[in-house]
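Please keep the structure open while you read.

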Amino acid sequence: IEIQQYVNLISISYILAAVCFFLFLSKHFSLIISFLGSLCVFYNFLFLRLKSEVVPEFLFISLFCLVLILLHSKNKWARYVIPISLALLVSVRFIGLSLVLAYVFHLLRSKENHIKERLKEVVICFGIFGIVTLCVNYFFLNSIKNQEVTLYGNVVLNRLNLNQFFDNMNMYTRYITLFFEQEIPYWMNTIMKCSVIILFIIGIIFSLKSEINTIHFAFVFYMIFLLIYPYNGDTIKYLVPIVPLFVYFIIFGFNSII
């Protein structure tokens with residue numbers, strides 16, 4: 001299949017992901033910082049390289065950020081749109097289940113509702129999520145042989161082992177820094193990567209001290225899913241969806257310092 005047939009579609013999903021990430025950042029930081037943060041992510045050479053391939057990662061980022069944006073909404077319709085978005089997210093990439101778990105934690109930790117109301121929200125969420133996921137995968141994606149929901153689950157259950165977990169941890173730790181390398185002298189790249197890691201750690205610590213929220217749960221669950229997945233041949237592709245959150249914590253760390 002010619003890639004040219006999908007160039008416009010890929011570009012639209014890329015722009016949509018960038019806009020959604022910007023809107024997500026604008027809920028936490030100033031517009032200027034949000035804009036610069038979005039540029040850092042979507043003007044990254046590894047992101048731009050993927051524009052030449054038919055990949056669902058950018059649609060995944062769009063839906064992921066959309067859910068995080070809707071969490072700030074006070075409108076009642078958000079409680080119905082979020083489960084639908086989560087169902088689409090899981091259908092695009094099964095690892096989207098990380099955000100589903102994070103959202104369930106968000107509902108159960110809500111201080112605004114009593115325990116019965118929290119459980120009711122969880123039941124409503126799973127009801128809508130289950131119905132939409134079923135419809136999407138068995139009616140709209142039934143012609144696709146390797147559906148995300150069945151493929152990911154089967155691979156994990158059949159090939160899960162402890163050694164792979166540590167191998168993944170070692171490899172993904174090294175590969176995440178590649179997103180912050182530039183065409184500059186090696187020693188400057190080393191300084192840049194060390195600075196990024198330090199800012200990320202500071203961001204994690206200060207954000208946790210500020211408030212433990214859905215973003216933390218989403219990040220942790222995503223990394224757990226990533227580390228237990230017994231295949232790491234597409235390392236960059238697997239890391240792309242979580243890079244925006246990685247940058248979010250870096251910005252949080254930078255903001256905390258200044």
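## Overall make-up

Please bear in mind that this is a predicted model. Of the 258 residues in the protein, 45% are buried.

## Helices H4 and H13

Let us start with H4, which covers residues 57-70. H4 counts 14 residues and reaches 20 Å from its first C-alpha to its last, close to the 20 Å expected at 1.5 Å a residue. Is H4 enclosed or open? Twelve of its 14 residues are buried, so H4 is largely enclosed by the rest of the structure. Among these buried residues are Phe-58, Phe-60 and Phe-64, along with Glu-57, Ser-62 and Cys-65.

H13 has 15 residues and its first and last C-alpha are 21 Å apart, close to the 21 Å expected at 1.5 Å a residue. H13 is mostly covered, with eleven of its 15 residues buried. The buried residues run from Val-243 and Pro-244 on to Phe-252 and Gly-253, with Tyr-248 and Phe-249 among them.

## Aromatic rings around Phe-200

Across the whole structure, a search finds 23 aromatic pairs. One of them joins Phe-200 and Phe-219 in a tilted arrangement, at 5.7 Å centre to centre and 50° between the planes. This pair links distant parts of the chain: Phe-200 belongs to H10 (residues 186-210) and Phe-219 to H11 (residues 214-228), 19 residues apart. Both residues are buried: the relative accessible area is 15% for Phe-200 and 10% for Phe-219.

Phe-200 has another partner in Phe-249. Why is this pair edge-to-face? The ring centres of Phe-200 and Phe-249 are 6.0 Å apart and their planes stand at 85°, over the 60 degrees required, so the pair counts as edge-to-face. Phe-249 counts as buried because its relative accessibility is 0%, under the 20% cut-off.

A further ring contact involves a charge: Lys-209 lies over the face of Phe-206, at 5.6 Å from the ring centre.

## The largest pocket

The largest pocket has a volume of about 1100 Å³. How many residues line it? The lining holds 31 residues, and Leu-71, Lys-74, His-106, Ser-110 and Glu-112 lie nearest the pocket centre. By class, the lining is made of twelve nonpolar, eleven polar and eight charged residues.

Several helices take part. H4, H5 (78-92), H6 (97-108), H10, H11 and H13 each supply at least two residues of the lining.

## A look at Gly-127

Finally, have a look at Gly-127, which is found in H7 (residues 115-140). Is Gly-127 buried or partly exposed? With a relative accessible area of 33%, Gly-127 is partly exposed. Gly-127 and Pro-83 are 44 residues apart in sequence, and their C-alpha atoms are 8.6 Å apart in space.

Technical notes. Residues numbered from 1 in each chain as written. Predicted model: local features only at pLDDT ≥ 70, side-chain atom pairs only at ≥ 80, totals over all residues. Heavy atoms only, no water. Phe/Tyr/Trp six-rings, centres within 6.5 Å; stacked < 30°, edge-to-face > 60°. Helix = DSSP H or I, 4+ residues; strand = E, 2+ residues; numbered from the N terminus. Buried < 20%, exposed > 50% of the residue type's maximum accessible area, 1.4 Å probe, protein only. Lys NZ or Arg CZ within 6 Å of the ring centre and 35° of its normal. 1 Å grid on protein atoms, 1.4 Å probe; cavity = no way out; pocket = protein on both sides within 12 Å on 5 of 7 lines; lining within 4 Å. Points joined across faces, edges and corners; volume = space filled by probe spheres on them. Nonpolar A, V, L, I, M, F, W, Y, C, P; charged D, E, K, R; others polar. Expected span 1.5 Å × (residues − 1).
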